[in-house]
Amino acid sequence: MSRPLDGVRILDLSRILAAPFATQLLGDLGADVIKVERPGVGDDARQYGPPFLEGGAESGFYLSANRNKRSITIDHSVPEGAELIRELAAKSDVLVENFRRGVLAKYGLGYADLEKINPRLVYCSVTGFGQDGPYADRAGYDGVFQAMSGMMSVSGIPDGEPGAGPMKVGVSMVDILAGLYASSAILAALRERDLVTGRGQFIDLALLDCGLAALSHYAQNYLISGVPAPRRGNGGFGGIPSQAFRCADADIFVVASTPKQWSGLTAALGRPELADDPRFATVSARIANRDLVLRTLGEIFVQRPAAEWIAKLEAADVPVSPVNSMDAVFENPQIRHRGMRVPVEHPSAGTINVLANPIRRDAGISPPPRLGEHTDEILIKLLGRTPDQVAALRDRGAI
């Protein structure tokens, strides 16, 4: 079965998470992703464990961002290694890298160098702060960008409550968001090349920019009001309630922002009089009386077990969910039905489970590659080297 990006080749010089996540998405859509790694070491993410696959070869962190790729080991600091990358770039549609500004240019691998040998190349550089500006040469990681972008300032327990203060989102959210932005930018650049200009382009993507852009209405509300959004803890920013509540035995999350939902909620709670209470009857009234609404509901929810409340609220068509741990997530019947956990055959670890791409397509998944697993295959079949030439490159440390 054909896939959208069949025939598109991605040369992936990236490591860790943001950019590898982007190239993984492109690989899921059919692109041939050639992952270039350091000989003997590979992507740093391979060692970001525990947990590791049996035998300690690869971490879960690495596995999360590298399915549907082929791995080749090349040392770009060796002249012969840099020349191999140039040859691969000449045969590729896209190059993705996340080195600091100017690093690859030292080896003749910057966009200005590769554009000359492949004018159709889309070159995507993912860095912390972008290619210009006073911070352009700084290193940075997800937590730094969550702090600097303002993401932490709107996450966490509200002031005045125990444990109040800014809080990092648990997952490396800016990395994931940057990967999504990068994959979209690459697809747009390919379309522009193929339908408009006939040429590739340079994409300058900064994690800091992505983190700030992801604040969306939080940032836009500040821009028009000058008032920073307060932290809401486990509550939403819009209609009320949109909140986690403690039940007798566990937490649930409830949203009842529309009139129909609010009426259903109050009936399910056995408190129908709250539906018409002037303090609570409209969205505006509930926002104005937020603390009272949440306190009133909290005192009711804590009286019964979570499962009982969930059954009542689902029957009333009120959006609700248990606050799941990871084991409960993968036992969820909807998650199971949608096939979000996929078994694949790993060449050394046997059958392993990987997370599926939520873009549902009838396409196979190849497991994240072992370090250098496809080096000989790529050099011989794509670049036309002989086995003896590959052996000589290996002897000289180029691969």
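These are my notebook entries on a predicted protein model.

**Ground rules.** I number residues from 1 along each chain as its sequence is written. Local features need pLDDT of at least 70 and side-chain atom pairs 80 or more, while totals for chains, interfaces and linings use all residues, and side-chain values use heavy atoms, leaving out hydrogens and water.

**Whole chain.** I looked up the secondary structure and got 16 helices and 13 strands (DSSP runs numbered from the N terminus: H or I of at least four residues for helices, E of at least two for strands). The C-alpha box along the principal axes is roughly 85 × 50 × 40 Å. Of the 399 residues, 44% are buried, meaning under 20% relative accessible area with a 1.4 Å probe, protein chains only.

**Helix 5 against helix 6.** I checked residues 142–149 (helix 5) and 173–197 (helix 6): their axes come within 7 Å and cross at roughly 90°. I took axes as lines fitted to C-alpha atoms over the stretch in contact, with angles from 0 to 180 degrees between N-to-C directions. That makes the two helices roughly perpendicular, a label covering 65 to 115 degrees. Asp142, Phe145 and Gln146 in helix 5 meet Met173, Val174 and Asp175 in helix 6 (contact is heavy atoms within 4.5 Å).

**Cysteines.** How many disulfides are there? I count 0, with the rule being a pair of cysteine sulfur atoms within 2.5 Å. For Cys124, the closest cysteine sulfur is in Cys210, 9.4 Å away, so that is too far for a bond. Cys124 is also buried, at 0% relative accessibility. I have Cys247 down as buried too, at 1%.

Note on methods
Parallel < 35°, antiparallel > 145°, perpendicular 65-115°, else oblique. Buried < 20%, exposed > 50% of the residue type's maximum accessible area, 1.4 Å probe, protein only.
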